[in-house]
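These notebook entries record what I looked up in one structure. I set them down in the order in which I consulted them.

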Amino acid sequence: MTTTNDAAVSTEGTKKAPPAVRLENVTKEFKGMVAVDDLTLELAAGEFFALLGPSGCGKTTTLRMVGGFEQPSSGKIFLGGEDITWTPPYRRDVNTVFQSYALFPHLSVFDNVAFGLRRKGKDKDDIKRLVEEHLEILGLGASDHDRRRNCQAASNSAWPWRVRW
Ligand SMILES: Nc1ncnc2c1ncn2[C@@H]1O[C@H](COP(=O)(O)OP(=O)(O)O)[C@@H](O)[C@H]1O
Ligand SMILES: [Mg+2]
């Protein structure tokens, strides 16, 4: 999973966009135990990427470092080319969907998806468009999302809301 994209200028001389996420030689130790060992990887914008591995291999620790909930013992993390290794979680444009307790049970499906967009102060029409687009991707496009429904059942079931990492 080691890639190098440091040549930020293509052969035509045009500037290439930096990767959306870049981990550079990231190592995390907990009291001398190495949880993540010299990990370098890059994700392009819009890329779908899965971290797979046995329990204890460092998946959660890696995601927690990207989210800012752990700091690397060494190495750097970049978002869109900006070094955010020491940026606190609330100042990073990163969202984490936890394995459980991922939904607000008192909100409709639509309002759960819209929550972050509203927090960011997005325009009402943009929110509607983005929510519908993403529900469509999740295969939930045709349902009645405006109806206030209890999402607890969905959050307790294995699909589609539970994401394991
Ligand atoms: N806060 C912590 N303190 C000490 N050890 C930890 C901590 N978090 C994770 N670990 C250890 O780091 C290793 C990787 O854990 P983790 O990232 O949770 O793996 P995974 O998500 O791949 O199952 C494991 O050995 C785990 O026990
Ligand atoms: Mg885990």
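**Entry 1: Thr27**

I began with Thr27, which is buried, at a relative accessible area of 12%; buried means under 20% relative accessible area, exposed over 50% and partly exposed in between, with a 1.4 Å probe and protein chains only. The model is predicted, and for that reason I noted that local features need pLDDT of at least 70 and side-chain atom pairs pLDDT 80 or more, while totals for chains, interfaces and linings use all residues. I also noted that residues are numbered from 1 along each chain as its sequence is written, that chains are lettered from A and ligands numbered from 1 in the order in which they are written, and that side-chain values use heavy atoms, without hydrogens and water.

I located Thr27 in strand S1. I then listed what Thr27 touches, leaving aside neighbours within four places in sequence: Val34, Val36, Asp37, Asp38, Pro72, Ser73 and Ser74. Contact here means heavy atoms within 4.5 Å.

**Entry 2: the chain as a whole**

I counted four helices and four strands in the protein chain. Helices (H or I, at least four residues) and strands (E, at least two) are DSSP runs, numbered from the N terminus. Along the sequence I read the pattern β-β-α-β-β-α-α-α. Of the 165 residues in the protein chain, 30% are buried. Among contacts between residues at least 6 apart in sequence, I found that 51% join residues at least 24 apart.

**Entry 3: the sheet**

In what order do the four strands lie in the open sheet? I read the order as S2-S1-S3-S4, with antiparallel pairing. Two strands pair if DSSP finds at least two bridges between them. The edge strands are S2 (33-43) and S4 (82-83), each of which pairs on one side only.

I took the pairs in turn. S1 and S2 run antiparallel and are joined by seven bridges. In this pair, Val21 stands opposite Leu43 of S2, and Leu23 has Leu41 of S2 as its bridge partner. S1 and S2 make a hairpin with two residues between them, and Lys31 in the turn has a positive phi of about 45°.

S3 (residues 74-79) pairs with S4 in the antiparallel sense over two bridges, and I found Leu79 opposite Glu82 of S4.

**Entry 4: Leu23**

Is Leu23 buried or exposed? Leu23 is buried, with a relative accessible area of 1%, and lies in strand S1. Apart from neighbours within four places in sequence, Leu23 is in contact with Leu39, Thr40, Leu41, Thr62, Val66, Lys76 and Ile77. I also looked up its C-alpha separation from Leu43, 20 residues apart along the chain, and found 9.0 Å.

**Entry 5: helix H1 on the sheet**

Which strands does helix H1 (residues 59-67) lie across? H1 lies across S1 (21-30), S2 and S3, and runs at about 120° to S1. Axes are lines fitted to C-alpha atoms, for helices over the stretch in contact, and angles run from 0 to 180 degrees between N-to-C directions. The buried residues of H1 are Lys59, Thr61, Thr62, Met65, Val66 and Gly67, and their cover includes S1, S2 and S3. After H1 comes Gly68, with a positive phi near 90°.

**Entry 6: helices H2 and H3**

Two packed helices are described by the angle between their axes and the distance between the axes. I found H2 (residues 109-119) and H3 (residues 124-137) packed at about 125°, with axes 9 Å apart. H2 and H3 are therefore oblique to each other; angles under 35 degrees count as roughly parallel, over 145 as roughly antiparallel, 65 to 115 as roughly perpendicular and the rest as oblique.

Which residues make the contact between H2 and H3? From H2 I listed Val109, Phe110, Val113, Ala114, Leu117 and Arg118, and from H3 Ile127, Lys128, Leu130, Val131 and Leu135. I sorted these residues into nine nonpolar, no polar and two charged. In this scheme Ala, Val, Leu, Ile, Met, Phe, Trp, Tyr, Cys and Pro count as nonpolar, Asp, Glu, Lys and Arg as charged, and the others, Gly among them, as polar.
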